[in-house]
Amino acid sequence: MAPQSLAAAGPNPPFTLQATASSWRGDFAAMASPCVLLVDGGGPDEARALVAQAQAEVQRIEHKFSRYRAGSVLAHWQAAQGEPVQVDDETAGLLDFAAQCHALSGGLFDISSGVLRAAWRFDGSSQLPDAGHVRALVARVGWPRVQWHRPWLRLPPGMELDLGGIGKEYAADRVLGLLMAQSTLPLLVNLGGDLVVSGPRADGSAWTVGIEGIAPVDSSPAAAALLSLRAGALATSGDARRFVLSDGVRYGHILDPRDGWPVRGAPRSVTVAAPTCTEAGLLSTLAMLQGAGAEAWLGEQAVPHWVLR
Amino acid sequence: MQLTAITSAPGAATGASDARGASGASLVSAASSLRATLAAATAALLAPGLVAAQTTSAAQWQVDSAVLVYQEGGGRVRAVEPVISARRTDGNDRTVGLKLTLDALTGASPNGAAPQPTAQTFTSPSGDSRYTTPAGKSPLDPNFRDRRVALAGTLERPWGTAQRLSLAANVSSETDFKSLSLSAGLARDFNQKNTTLSLTLALEADRIEAQGGVPTGLRPLRAGGDGDGGGRGGDDDDDRDDDEHEGGASRTVADVLLGVTQVINRHWLMQTNIGYGRSSGNHDDPYKILSVVDGSTGLLVGDRYVSESRPDSRSRLSVYWQNKLHLTQDVVDLSYRFYRDDWGVRAHTLDLRYRLELGAGLYLEPHLRLHQQSKADFSQGWLVEGQGWNSSTQTANVANASADPRLAAFTAQTLGAKFGMPLGRGGELTARLEFYRQTPKALAGAPGALRTLELTPTLKATTVMLGYSLPW
């Protein structure tokens with residue numbers, strides 16, 4: 001694949017770095033989310049270098065895998081029109097991972113399901129899509145029809161792949177791995193609420209993180225709950241603000257790839273703690289796909305979790 | 001609302017604390033097989049090699065450097081050993097490693113002779129210097145001096161999806177000893193990477209070229225000899241030709257190592273190795289001798305000193321069992337090793353390390369090692385005239401004999417600690433201090449005057465090491 005030109009990627013918008021009580025906080029925007037890197041201890045130069053690297057890595061992943069960008073690998077596949085394309089190692093790793101998640105979830109997790117969104121507008125309105133339109137889109141969904149033999153990928157015409165379901169969590173883990181290879185300072189990477197820490201803070205204490213959407217039921221949905229995190233990651237699926245309300249039925253934005261309709265009885269959001277952000281993200285997504293059975297399923301997985309209904 | 005610990009939250013069955021690094025290890029119940037598979041898939045996705053490959057900067061070299069100083073008590077051996085090594089893992093998860101070791105050894109080393117109630121004079125093996133040991137002291141050869149240069153290279157790469165191949169080569173050169181070894185190993189992951197089986201084969205060829213030639217077998221040797229040239233008797237070209245290697249001697253070694261590494265749970269990693277090795281060729285130490293003493297007085301008699309002799313093959317078996325326990329923060333490393341060989345040596349070694357995290361990346365790691373071994377069948381403090389050695393015919397009545405303290409029965413303790421401190425940008429500084437004490441088992445049946453002398457002095461040694469590692 002040809003390297004992206006700087007013009008296509010655009011200049012890096014600046015990040016901000018500020019000192020807090022005992023740590024450095026770098027803020028930047030990427031992947032349509034506010035991103036934060038906390039560096040516990042160290043000097044401003046080291047913190048600045050780490051934030052710059054974190055931002056560059058998140059943007060690299062965003063540019064490479066965004067389905068909205070002309071230069072992304074996804075755009076490249078769609079343009080191939082049924083011809084086999086050779087993919088690089090990193091992309092192949094993500095496709096292998098997606099294939100394993102498809103198998104693990106019995107087909108519920110499917111990176112070819114993105115086309116279904118064309119029928120739905122989760123804007124809080126009461127407008128349901130035309131059933132025929134949904135059926136036509138479902139015919140273009142199904143990971144088993146994608147021919148994937150590392151490193152060769154052949155996408156049947158009309159189908160699209162979308163790695164957005166794992167991209168942010170993957171980016172969080174990647175950024176942490178990259179920065180931990182450079183620095184021994186305790187780190188927290190937070191990409192729009194999907195976050196991962198390198199370990200406890202410098203003084204051995206846990207990080208305190210606020211997670212939107214897992215507040216007690218009786219508080220406002222925007223309120224954040226405070227959690228202590230010593231190691232591992234947290235990821236949240238679901239968005240209480242994205243739904244369609246029709247005839248008293250609330251349709252959340254998680255779509256079942258098998259019929260193209262929102263999963264019934266899905267919680268508003270699920271937050272899961274796991275060793276890596278990628279695992280936490282997958283577990284929270286799969287929990288959402290269980291619909292009304294989300295809590296029972298999470299209980300079986302024996303992972304720490306918070307469900308908001 | 002504040003949840004003080006994530007594990008206390010509703011629905012939490014297992015803690016997230018310290019879950020990092022243990023992915024793939026949460027296979028405790030059948031219900032968590034999805035999590036285990038997911039953890040394995042994630043581990044593959046986030047493989048460290050891939051992280052390095054996709055970053056804009058090229059893969060880095062990790063450079064480790066250290067200087068070790070080992071000093072034995074009583075003016076005995078001192079070793080100064082600088083080591084520098086570098087490792088690099090590229091985007092295809094291939095690792096290249098290089099290591100250079102320099103050794104400078106000086107000091108005095110036991111020559112194997114028994115102490116006597118009078119002073120003893122020896123000629124060095126090269127014949128160009130003499131040294132005298134005071135009455136009642138264990139004879140030490142003060143000319144112990146050597147330099148060693150060793151270069152090792154390793155290559156590691158994935159082989160298929162669940163296997164890793166490793167190749168290594170090692171060359172080592174001393175004044176009187178050259179060694180070349182090659183090894184190849186294959187490791188295979190099973191059970192979602194919770195089990196790793198490995199098999200390693202190694203071959204080594206050694207060349208011994210001692211000063212004054214390499215005698216094999218028990219041969220008379222003249223102490224304080226005048227103008228004997230080689231310092232050893234029997235240099236005439238007689239029927240012992242096939243027993244002597246003036247041009248040097250050689251030895252080959254083959255080893256096979258079978259290992260199993262098992263993740264027991266997310267706090268406990270266990271490793272077991274079984275090793276079998278066989279060496280053939282010359283095993284004698286060209287600088288070690290034995291005293292020939294009278295069976296009733298214990299005084300030197302007849303040929304006085306003979307060179308030592310060891311069997312021309314050795315088969316070794318070792319079983320190693322290691323446990324790494326990851327506590328909330330600290331790490332305990334406990335291992336046990338059993339060793340036996342067909343020379344009759346049986347050894348047990350217990351090793352305990354406790355890594356205490358002090359916060360901010362600092363750590364202190366106390367270390368305790370206990371070792372106990374039995375003697376080789378042919379290990380003895382001296383030869384008795386008329387029993388082990390017959391001076392009138394210059395023949396031995398035993399096939400092999402050695403007074404090397406390393407082949408004798410002893411117990412040893414090591415007590416020490418290592419301190420580590422992170423430096424900026426991934427560097428680390430370490431310092432290690434260790435004390436070693438080796439207590440030989442008393443020799444039974446000492447005749448006459450030997451009974452009153454200290455035959456088996458305790459060896460004490462101190463090791464200081466300073467290390468610095470950094471990404472390059």
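Which residues is A:Leu187 in contact with, leaving aside its neighbours within four places in sequence?

**Entry 1. Contacts of A:Leu187.** I worked from a predicted model. Setting aside neighbours within four places in sequence, I found A:Leu187 in contact with A:Leu37, A:Leu38 and A:Val39, with A:Leu176, A:Leu179 and A:Met180, and with A:Val197 and A:Ser198.

**Entry 2. Nonpolar cores.** I then looked up the largest nonpolar core, which holds 93 residues. Within this core, A:Leu187 and A:Val189 touch the most other members. I also noted a second, separate core of 18 residues; B:Ile289, B:Val292, B:Ala401 and B:Ala403 are among them. I recall that nonpolar side chains tend to be buried together in soluble globular proteins.

**Entry 3. Chain A overall.** I recorded 8 helices and 15 strands for the secondary structure of chain A. Of the 309 residues in this chain, 50% are buried. I next took the chain A contacts between residues at least 6 apart in sequence, and 62% of these join residues at least 24 apart.

**Entry 4. A sheet of 3 strands.** I traced an open sheet in chain A with the strand order S4-S6-S5 and antiparallel pairing. Strands S4 (85-86) and S5 (147-149) of chain A each have a single partner strand and stand at the edges, so one side of each lacks a neighbour in the sheet.

**Entry 5. The pairing of S5(A) with S6(A).** I examined how S5(A) meets strand S6 of chain A, residues 152-154: the two run antiparallel and are joined by 3 bridges. At the level of residues, I found A:His149 opposite A:Trp152 in S6(A).

Conventions
Residues numbered from 1 in each chain as written. Chains lettered and ligands numbered in written order. Predicted model: local features only at pLDDT ≥ 70, side-chain atom pairs only at ≥ 80, totals over all residues. Core = buried A, V, L, I, M, F, W, Y, C linked by C-beta atoms within 7 Å. Buried ≥ 20, exposed ≤ 12 C-beta atoms within 10 Å, placed from the backbone. Contact = placed C-beta atoms within 7 Å. Pairing = 2+ DSSP bridges. Helix = DSSP H or I, 4+ residues; strand = E, 2+ residues; numbered from the N terminus.
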